[in-house]
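Please look over the sequence and the model shown here before reading the report. The text then moves from the whole chain to single elements and residues.

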Amino acid sequence: MSQDMSQDRSFQLHILHAISEIGEAAWSGCLHDTLSARKANPFLDYAFLDALEKSGCVCEQTGWLPHHMAFKDEDGTVLAVQPLYLKSHSQGEYVFDYAWADAMERAGGQYYPKLQSAIPFTPVNAPKVLSRKGVNSDVAIAAMANGLKQLCDRYPISSAHLTFLPEQQKTIFERQDFLVRRDQQFHWVNEDYEDYEDFLSHLSSRKRKNIRKERKTAQSHGLTILDKQGDAILESDWDAFFDFYMDTGSRKWGSPYLNRTFFSMIGERMADRVLLIMAYDGDLPVAGALNFIGGDTLYGRYWGTIGDYPCLHFELCYHRAIDWAIAHGLMCVEAGAQGEHKIARGYEPQTTWSAHWIDHPAFREAIADYLERERQAAEAEQDFLATLSPFKKGNG
């Protein structure tokens with residue numbers, strides 16, 4: 001498949017079955033030309049995506065077969081890339097389409113395999129099309145959209161999905177007749193707070209008292225809590241955290257997505273972009289929260305504990321994250337998918353977007369009708385949740 005992307009030159013679209021086939025230099029070049037250092041996203045890093053593949057977390061056996069898309073010029077130079085996976089299920093995505101799959105299969109169709117452009121197991125907003133300087137980014141996105149349509153048309157693939165898109169990329173996919181889905185997450189936004197106490201001062205009196213009570217309860221367990229980065233994160237820390245992760249994952253999801261090797265790989269490759277908040281009872285690690293550090297955002301990902309410590313989850317995952325973000329000049333904390341309980345702790349509803357190409361015309365029409373009704377309900381819910389803001393009136 002060839003496309004005219006810039007300067008009247010033709011580029012060929014390639015499907016690659018490992019990010020290593022694109023190469024770190026080519027991938028990173030597209031990434032750094034797309035996002036400024038201030039908007040850097042650790043989950044788009046070659047090191048992160050390659051670790052998912054090299055550790056075996058992402059592969060055909062786990063139902064995430066890499067099908068990354070890349071446009072190359074006649075000299076083989078990579079001009080644009082898109083993370084893409086051929087999926088045999090809908091697990092690890094956080095934008096749920098199980099009902100769509102069930103409806104198609106009850107009607108005699110086949111929903112899987114499908115194409116998924118996403119950061120595996122990671123519900124964070126990130127561009128899905130990355131392009132080099134000199135390439136018209138809007139044209140590159142439209143070309144990728146056309147490539148996804150052609151793959152669905154040529155092969156037995158029911159659909160293509162792009163989840164947690166920034167609004168600008170969502171709009172371009174929508175112009176290419178992709179169906180758009182609206183959802184929400186809860187993010188904390190830094191309004192130039194001097195410190196954590198300054199942030200608390202902007203909350204209503206009742207919410208401020210509740211948070212102080214929570215933090216006092218968490219601190220009453222006599223635990224030592226440490227923020228660990230870079231060389232301070234040891235393999236023994238990953239051993240402990242993996243135990244926490246497996247315990248939480250087994251209870252929440254049934255089958256945790258990540259293996260122990262993955263954590264060692266990110267520790268080796270990108271520890272400077274990791275914030276591991278660990279709690280110790282004496283020398284024994286008893287709880288931990290894993291965060292990734294972006295250019296202006298702290299991303300909360302996983303938490304776990306081997307004990308029963310009331311309010312420790314709130315302390316490690318929400319309060320400490322906000323405190324750390326303020327101290328390090330970050331503008332946002334994204335604390336993962338869902339969770340209305342985050343509102344009382346200063347996290348407010350933010351719109352998220354996904355785009356979907358459904359190849360079957362009749363099924364596409366039914367999904368479009370469903371999404372319109374869902375979007376109206378999502379807008380109403382977000383308007384209502386905004387009224388629950390813990391901030392004093394006039395403070396956002």
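## Basis of the description

This is a predicted model, in which local features need pLDDT of at least 70 and side-chain atom pairs count only at pLDDT 80 or more, whereas totals for chains, interfaces and linings use all residues. Residues are numbered from 1 along each chain as its sequence is written, and side-chain values use heavy atoms, with hydrogens and water left out.

## Overall form

The protein has 12 helices and 16 strands, where helices (H or I, at least four residues) and strands (E, at least two) are DSSP runs numbered from the N terminus. Its C-alpha atoms fill a box of roughly 60 × 45 × 45 Å along the principal axes.

Among contacts (heavy atoms within 4.5 Å) with a separation of 6 or more, 75% come from residues 24 or more positions apart.

Strand β10 is largely enclosed by the rest of the structure, because nine of its 11 residues are buried. Nine bridges join β10 to β16 in the antiparallel sense, with Phe186 having Pro349 of β16 as its bridge partner. Strand β10 is also joined to β15 (residues 332-337) by four bridges, again antiparallel, and here Val189 has Cys332 as its partner. Elsewhere in the sheet, β13 (residues 284-293) and β14 (residues 297-305) pair in the antiparallel sense over seven bridges, and Asn291 stands opposite Gly300 in β14.

## The β4-β5 hairpin and Gln82

Strands β4 and β5 form a hairpin with five residues between them, and Gly76 in the turn has a positive phi of about 85 degrees. The two strands pair in the antiparallel sense over four bridges, with Lys72 opposite Val78 in β5. In β4 (residues 68-72), five of five residues are buried: His68, Ala70 and Lys72 point one way, while Met69 and Phe71 point the other way.

Gln82 lies in β5 (residues 78-82) and is buried, with a relative accessible area of 0%. Not counting residues up to four places away in sequence, Gln82 touches a set of residues including Trp27, His68, Met69, Lys128, Leu162 and Phe173.

## Helix α8

The 15 residues of α8 (residues 205-219) should span 21 Å at 1.5 Å a residue, which agrees with the 21 Å between its end C-alpha atoms; the expected span is 1.5 Å times one less than the number of residues.

The buried residues of α8 are Lys207, Arg208, Ile211, Glu214, Arg215 and Ala218. Seen down the axis, they fall within an arc of 125 degrees and so line one face of the helix, the arc being that of the directions from the helix axis to the C-beta atoms. These buried residues pack against α7 (196-201) and α11 (312-327), whereas the face turned away from the buried side carries the exposed residues Arg206, Lys209, Lys213 and Lys216.

## Phe263 in helix α10

Phe263 is found in α10 (residues 260-270) and counts as buried at 0% relative accessibility. Leaving aside neighbours within four places in sequence, Phe263 is in contact with Trp238, Phe241, Phe242, Tyr245, Leu258 and Leu290. The C-alpha atoms of Phe263 and Glu174, which are 89 residues apart along the chain, are separated by 36 Å.

Note on methods:
Buried < 20%, exposed > 50% of the residue type's maximum accessible area, 1.4 Å probe, protein only. Pairing = 2+ DSSP bridges.
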